[in-house]
Amino acid sequence: MINKKIVLSLSASIFLSGCLEDSKSSNYVGIECDASNLDMAIQTVAADYSSSSVAIGCSEGGFLDGNLIKTASDYSLSSGSESFYHIGKNYIDTISKYDFLLSDIEEWTYSTNDQSESTSNPYKIIEVSSTKAYVIRYNKSKVWIVDPSAMNEDDFKIGELDLSSYLATQTSDVDIDGTLTSVTTTATQTDMSDAVISNGKLFIAMQRLRNGKTGEGSYGPYDIRDYTNDSIVAIFDIETDNELDSVVLSGHNVQSLTVSSNSVYAASFGDYDSDYGELESINTTDYSLTTIFSGNSSIGSIKDVAVISDTEGYVLTDQSQRIANVYTYFLNVMAFNPSTNELGNVVNDFSGRHLSDIEVGPDNYLWVASSEDRNPGVYKVDPAGVEEDLFLGTNLNATKIVFKQ
């Protein structure tokens, strides 16, 4: 792989057509990027988490940095066939829809909470079609089925998927009037963290870290998390919304899912201490589970996965820790072969960095999000090593990358 980077400064300008033709009044950066090719959105967050913004651009290179500026930081992104969704997470609990070509015009903003419901903490919206999508809600046990074309909030939610059978429980002995009594508590949330669609099926990852005894705090409904609880992937038919099956992962604290060919890959983080998680694959036909490899103290915990082909994949591993009472980020991008389960080397220039996301973009380029205060932005990497790597700098730290589906 070629190590040389093309660094594009914020002062560079490019030609844009249509509503974005005035390049002098924008801070688009990169090589030529026609407005009709806008297909990428990048969530960025201030280093002190006081604000956030979204960069909209082209996967060919170039974007408008500092769009959708917010005075809060807990935001994420999802994408559809023509639109992207700006997701306000914990205690924000909203989803806003924007067209890639008109990213400064909000189509709608709707709540992700039912009436009188506490924070749902939405993580993702995943499109089935222009009139059907699923909202993954971390703090709840029900996935919303929604209509992204709804013109008012009353028509937005059209159904639910019930995951309450997967709620974790805990049984303990409690002293009641001098007598030890066995008491079982049940969580109210499945901690669903990600979802993907493959072969007409929706795969929903659930961390299942909480056992009940919930309270309300700055991070929403919480209790002591039990990292020994099984993470589970539930599988639904996207036409009928009927549940088909479920898979109990070997890895705990599942973080992300990705699809390639006939497999769904699950990255699990473990317990931030002695359990470093696993990378596993689920066969989308028979739901058989394969462990590709486990994290360990040498490579760290498995945080994210991106798969380009049956023989080429990448994992984001995390060895961050406190050093002299300062939390120090140390993440690596490592190559692996999904066919042989062989873990390769750390990808050049992506060792010991503060990295937040890895994604496969159009034409099978690998994209890496940098949250380094001195080097915020995204890298576009040609895994074949034919083209030089491209770096696009952002004003704030990049945390999530999505592309038009």
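**Group meeting: an all-strand predicted model**

Of the 405 residues in this protein, 53% are buried. Buried means under 20% relative accessible area, exposed means over 50%, and partly exposed lies in between, with a 1.4 Å probe and protein chains only. This is a predicted model, where local features need pLDDT of at least 70, side-chain atom pairs count only at pLDDT 80 or more, and totals for chains, interfaces and linings use all residues. Residues are numbered from 1 along each chain as its sequence is written, and side-chain values use heavy atoms, with hydrogens and water left out.

Now the fold. The secondary structure has 36 strands and zero helices. These are DSSP runs numbered from the N terminus: helices are H or I with at least four residues, strands are E with at least two. Contact means heavy atoms within 4.5 Å. Take the contacts with a separation of 6 or more: 46% of them are between residues 24 or more positions apart.

Here is one residue to look at. Ala369 sits in strand S33, residues 366–372. Buried or exposed? Ala369 counts as buried, because its relative accessibility is 0%. Leave aside its neighbours within four places in sequence, and Ala369 contacts His354, Leu355, Ser356, Asp357, Gly377, Val378, Ala398 and Ile401. Ile401 is 32 residues from Ala369 in sequence, yet their C-alpha atoms are 7.1 Å apart.

Next, charges. How many salt bridges does a search of the whole structure find? It finds eleven. The criterion is a side-chain nitrogen of Lys or Arg within 4 Å of a carboxyl oxygen of Asp or Glu.

One of them joins Glu107 and Lys97, at 3.7 Å from N to O. Glu107 is in strand S9 (residues 102–111) and Lys97 in strand S8 (residues 94–99), so this pair ties together parts ten residues apart in sequence. Glu107 is partly exposed at 43% relative accessibility. Lys97 is buried at 10%.

Then there is a network. Salt bridges link Asp114, Lys142, Lys157 and Glu160. Glu160 meets Lys142 at 3.6 Å, N to O. Glu160 lies in strand S13 (residues 157–162) and Lys142 in strand S12 (residues 142–146), so that pair ties together parts 18 residues apart in sequence. Glu160 also bridges to Lys157, with the closest N and O atoms 2.7 Å apart. On accessibility, Glu160 is partly exposed at 33%. Lys142 is partly exposed at 32%, and Lys157 is partly exposed at 27%.

Last, a pocket. On a 1 Å grid over the protein atoms alone, a pocket is an open set of points with protein on both sides within 12 Å along at least five of seven lines, and lining residues have an atom within 4 Å of a point. The second largest pocket has a volume of about 280 Å³. That volume is the space filled by probe spheres set on the points, which are joined across faces, edges and corners. Which of its 15 lining residues are closest to the centre? Tyr276, Asp318, Gln319, Ser320 and Gln321. Strand S28 (321–323) and strand S29 (326–328) each give at least two residues to the lining of this second largest pocket.

Methods:
1 Å grid on protein atoms, 1.4 Å probe; cavity = no way out; pocket = protein on both sides within 12 Å on 5 of 7 lines; lining within 4 Å.
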